[in-house]
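Keep the viewer open as you go.

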Amino acid sequence: MEIDQILDRIYLLPEISKIKLKQYITEVSYPKNFCLMEAGKVIPHIYLLKKGIVRAYASTEDRDITFWFGSEGEPVVSMKSYVENNPGYENIELLENCELYQLETEHLKKLFNEDIHIANWGRKFAERELVKTEELIISRQYKTALERYKDLVKNKPDLIRRVQLGHIASYLGISQVSLSRIRAEIKL
């Protein structure tokens, strides 16, 4: 997905503002399994996913718990680092070879002070991330694993084909055996 499309999905900027913002965006590529962000570290960048799939997860003593997947066109950000300049909670792993647009948070915040349109873009960016987090929390609290799986199939069908079932089961908060049962039930 091209940078203009991704930026526009967040908030439509006047062309002059978009040009200013794009001056600070660089393209980067990393291989599958690369750890883009590490828990406990301040991440000085935000990323916009041009191509590929990533997952956010937290590690416990005995397992990794996946709580988010990102695919083409989506931001990849540690909100704790972005908002507070503090170490983030999550690890972000690339599940495919990925191409990303990288933007230093420091540059972005400087642009917020210089251009009200870019500041509004940043506000919309943060609001969208907040809504995604809220939806995730509500889904985890009030929906069954079957309902969460159906939502995933409906809203992100490409993930089912591109992501290991173990990561999907972890995301749903169930075992792979339970996920297999859910998938069999849906096919009936």
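Q: At what angle do H8 and H9 pack?
A: First, some ground rules: this is a predicted model, where local features need pLDDT of at least 70, side-chain atom pairs count only at pLDDT 80 or more, and totals for chains, interfaces and linings use all residues. Residues are numbered from 1 along each chain as its sequence is written, and side-chain values use heavy atoms, with hydrogens and water left out. Helices (H or I, at least four residues) and strands (E, at least two) are DSSP runs numbered from the N terminus, while axes are lines fitted to C-alpha atoms, for helices over the stretch in contact, with angles running from 0 to 180 degrees between N-to-C directions. The axes of H8 and H9 are 9 Å apart, and the packing angle is about 90°.

Q: Is H8 roughly parallel or roughly perpendicular to H9?
A: Angles under 35 degrees count as roughly parallel, over 145 as roughly antiparallel, 65 to 115 as roughly perpendicular and the rest as oblique. With H8 and H9 packed at about 90°, that makes H8 roughly perpendicular to H9.

Q: Which residues of H9 make the contact with H8?
A: Contact here means heavy atoms within 4.5 Å. The H8 side brings Leu165, Gly166, Ile168, Ala169 and Leu172. By class (Ala, Val, Leu, Ile, Met, Phe, Trp, Tyr, Cys and Pro are nonpolar; Asp, Glu, Lys and Arg are charged; the others, Gly among them, are polar), the contact of H8 with H9 has five nonpolar, two polar and one charged. From H9 come Gln176, Leu179 and Arg183.

Q: How many charged residues does the contact of H6 with H9 have?
A: The axes of H6 (residues 145-155) and H9 (residues 176-187) come within 11 Å and cross at roughly 65°, so the two are roughly perpendicular. Ala145, Leu146, Tyr149 and Lys150 of H6 meet Leu179, Ile182, Arg183, Glu185 and Ile186 of H9. By class that contact has six nonpolar residues, no polar ones, and charged residues numbering three.

Q: Which residues of H2 touch H1?
A: The axes of H1 (residues 3-10) and H2 (residues 15-22) come within 12 Å and cross at roughly 115°. H1 contributes Ile3, Asp4, Leu7 and Asp8. The H2 residues are Lys18, Leu21 and Lys22.

Q: How many residues apart in sequence are the parts tied together by phenylalanine 69 and tyrosine 171?
A: Rings of Phe, Tyr and Trp (its six-membered ring) pair if their centres lie within 6.5 Å; planes under 30 degrees apart count as stacked, over 60 as edge-to-face and the rest as tilted. A search of the whole structure turns up four aromatic pairs. In this one the centres are 5.2 Å apart and the planes sit at 50°, so the pair is tilted. Phenylalanine 69 is in strand S5 (residues 64-70) and tyrosine 171 in helix H8 (residues 165-172), so the parts tied together are apart in sequence by 102 residues.

Q: What is the phi of asparagine 85?
A: Asparagine 85 sits in the loop between helix H3 (79-84) and strand S7 (91-94). Although asparagine 85 is not a glycine, its phi is positive, at about 55°.
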